[in-house]
Amino acid sequence: MLRSLVGSEMCIRDSCMYVLPREFDGFYDADHSPTHMHLQEKPSSGEGRMIWFPLEGIRPLIGDAGSLMAWSGCAVHWGSACQKAAAVRARASMAFVFRRGDAVHDDENPPLTKQQVDSLDARQRLDLVVLQRQSSDKL
């Protein structure tokens, strides 16, 4: 389960998130499919990229600062770029991923237990935010 805490207004001009609802995603339950959540770099018809899902199914996630949004990790989702006519700043948000304790995870960064989270001081929590930011920059 992915959750995002919105730090500023999210509208379509200020780089909101977009999701593809399950009913428009023929590969929702097929994580093993190479097509799921990926664009085809060289479609058989020529150059460029091919999107395999219906564009009319896309939904923007719009919200006020302080809103909490959540969606399944299986849902196709992405953040957009800001438009030139956007507000003073781009969307500010913080994302969290929640997984079952027995789910597959990165052995170098095992999931935290509730007890571990409860014992973190402010500096340790900030270090986790920085680590998450560095991880997302590599994607």
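Trainee: Which conventions apply to the model?

Mentor: The model is predicted, and local features need pLDDT of at least 70, while side-chain atom pairs count only at pLDDT 80 or more; totals for chains, interfaces and linings use all residues. Residues are numbered from 1 along each chain as its sequence is written, and side-chain values use heavy atoms, with hydrogens and water left out.

Trainee: How many salt bridges does the rule give?

Mentor: Side chains of opposite charge can pair when their charged atoms come close. A salt bridge is defined here as a side-chain nitrogen of Lys or Arg within 4 Å of a carboxyl oxygen of Asp or Glu. The count by this rule is three.

Trainee: What is the N to O distance between R22 and D29?

Mentor: The side chains of R22 and D29 form a salt bridge at 3.0 Å, N to O. For accessibility, buried means under 20% relative accessible area, exposed over 50%, and partly exposed in between (1.4 Å probe, protein chains only). R22 is partly exposed because its relative accessibility is 47%, whereas D29, at 63%, is exposed.

Trainee: Which partners do D118 and D127 have?

Mentor: D118 is bridged to K114, with the closest N and O atoms 2.9 Å apart. Helices (H or I, at least four residues) and strands (E, at least two) are DSSP runs, numbered from the N terminus. D118 and K114 lie four residues apart in helix α1 (residues 114-118), so about one helical turn separates them. Both D118 and K114 are exposed. D127 pairs with R123, the closest N and O atoms being 3.2 Å apart. These two are also four residues apart, in helix α2 (residues 122-137), and therefore about one helical turn separates D127 from R123. D127 is partly exposed at 37% relative accessibility, while R123 is exposed at 54%.

Trainee: Which residues make up the largest nonpolar core?

Mentor: In soluble globular proteins, nonpolar side chains tend to be buried together. A nonpolar core is a set of buried Ala, Val, Leu, Ile, Met, Phe, Trp, Tyr and Cys residues joined through side-chain atoms within 4.5 Å. The largest such core has 10 residues: M10, C16, M17, Y18, V19, Y28, L61, M69, W71 and A75. Strands β2 (17-19) and β4 (68-71) each supply at least two of its residues, and β2 gives the most, with three.

Trainee: Which residues form the nonpolar patch on the surface?

Mentor: A nonpolar patch joins Val, Leu, Ile, Met, Phe, Trp and Tyr side chains within 5 Å, from residues with over 30% relative accessible area and no salt bridge. M94, F96, F98, L126, V129 and V130 form the patch, with about 490 Å² of accessible area together (Shrake-Rupley method, 1.4 Å probe; for residues, only the protein chains shown count as cover). Strand β6 (93-97) and helix α2 each supply at least two residues, and α2 gives the largest share, three. F98 lies in the loop between β6 and α1 and is partly exposed at 44%.

Trainee: In what order do the strands of the open sheet stand?

Mentor: Strands of a sheet pair through backbone hydrogen bonds, either parallel or antiparallel. Two strands pair if DSSP finds at least two bridges between them. Here three strands form an open sheet in the order β3-β2-β5, with antiparallel pairing. The edges are β3 (59-61) and β5 (77-79); each has a single partner strand, so one side of each is left without a neighbour in the sheet. Three bridges join β2 to β5, and V19 has H77 in β5 as its bridge partner.

Definitions and conventions: Patch = residues over 30% accessible without salt bridge, like charges linked within 9 Å, V, L, I, M, F, W, Y side chains within 5 Å.
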